[in-house]
Structure formats: structure tokens, C-alpha cells
Amino acid sequence: QVQLVESGGGLVQPGASLILSCAASGRAFSTYPMAWFRQAPGKVRVFVAAISRDSDSTFYAEAVKGRFTISRDNGKNTVYLQMISLKPEDTADYYCAAGPQYQGVVRMTMPGGAMYWGQGTQVTVSS
């Protein structure tokens, strides 16, 4: 089992950058595929980005391609989401998620692929 804690959210202006972090506790972090999801006010939670266990594969939602970068440091049990050129439509609660151990990363992009969730961190993009 893995516990996830997100940090790094806040209020920023359009065009700004922000880096979210997700610290994982528990054993064998490197065996879990990881992902970020977001939920805007009044909307359902949606996939944002995913990364494989050894960082050799990443996937992104079309809305964030070219602006967001997911990465992980298995030595620090941490996954990151670097966000640049932020837009008001990026405003949402951002959630870190882990899949079942040894699951392929592609499954993380599909509904039901994540098994463990953090509590979320709020990102507001507004002038």
C-alpha cells in the first residue's frame, strides 16, 4: 500500500508556472505507475498525465500537452508535475494517483486505472 501527499498548489496569474509535488510513503515506490488527475469545480475528475515505473514512458491529456511535464524521482519517492503557461481553464484540484504494483502505465490513463489517491492540492489561475 502507498500513501500520497500532494503539495505546491496555489493562486497564480495566467501565463505563470507552478510545480506540484507528490510524496509517497510506503515501500517499493518504483513498482507503482503514477499519474496526476484534476477536478475543476462542478466537473468530473479527469486524467492529466501519467508516468511509468522507470520513467521511460509518459502520457498526457491533449489539453496539457506541451505545457505540463510529469516526472518522478524513485530515490525520493516523489512524483512531480511541472506546469507552464498556465491558463484559467487549468484551475482545479489536482490529485496524485498510484496504480496497482507493476501495472502498465497505459492503464493509468483509463477510468479505474488508479488505486491510491492523495487528498489533492488546489491550483487557481486567475488575474
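Predicted model: local features only at pLDDT ≥ 70, side-chain atom pairs only at ≥ 80, totals over all residues.
In general terms, side chains of opposite charge can pair when their charged atoms come close.

One of these bridges joins Arg38 to Asp90, with an N to O distance of 2.9 Å. Arg38 belongs to strand β4, whereas Asp90 lies in the loop between β8 (78-83) and β9 (92-98), so this contact ties together parts that are 52 residues apart in sequence. Both Arg38 and Asp90 are buried.

Asp90 also meets Arg67 in a salt bridge, where the closest N and O atoms are 2.7 Å apart. Here again distant parts of the chain are linked: Arg67 sits in the loop between β6 (58-60) and β7 (68-73), and Asp90, in the loop between β8 and β9, is 23 residues apart from Arg67. Arg67 is buried, as is Asp90. Through shared partners, the salt bridges join Arg38, Arg67 and Asp90 into one network.

The bridge between Glu62 and Lys65 has its closest N and O atoms 2.8 Å apart. Its setting can be read from the accessibilities of the two residues. Glu62 has a relative accessible area of 63% and is therefore exposed, the threshold being over 50%. Lys65, at 46%, is partly exposed.

Tyr32 lies in the loop between β3 (18-26) and β4 (34-39) and Tyr116 in strand β10 (residues 116-117), so that the pair links parts of the chain 84 residues apart. Tyr32 has a relative accessible area of 2% and is buried; Tyr116, at 18%, also counts as buried, since the limit is under 20%.

Another pair consists of Phe37 and Phe47, whose ring centres are 5.8 Å apart and whose planes meet at 75°, so this arrangement is edge-to-face. Phe37 in strand β4 and Phe47 in strand β5 (residues 45-51) are 10 residues apart, and the pair links distant parts of the chain. Phe37 and Phe47 are both buried. Ring pairs extend this group to a cluster of Phe37, Phe47 and Trp117.

Charged groups meet aromatic rings as well. The charged end of Arg45 sits over the ring of Trp117, at 4.6 Å from its centre. Arg72 lies over the face of Phe29, 4.5 Å from the ring centre.

Technical notes. Residues numbered from 1 in each chain as written. Heavy atoms only, no water. Helix = DSSP H or I, 4+ residues; strand = E, 2+ residues; numbered from the N terminus. Buried < 20%, exposed > 50% of the residue type's maximum accessible area, 1.4 Å probe, protein only. Phe/Tyr/Trp six-rings, centres within 6.5 Å; stacked < 30°, edge-to-face > 60°. Lys NZ or Arg CZ within 6 Å of the ring centre and 35° of its normal. Salt bridge = Lys/Arg side-chain N within 4 Å of Asp/Glu carboxyl O.
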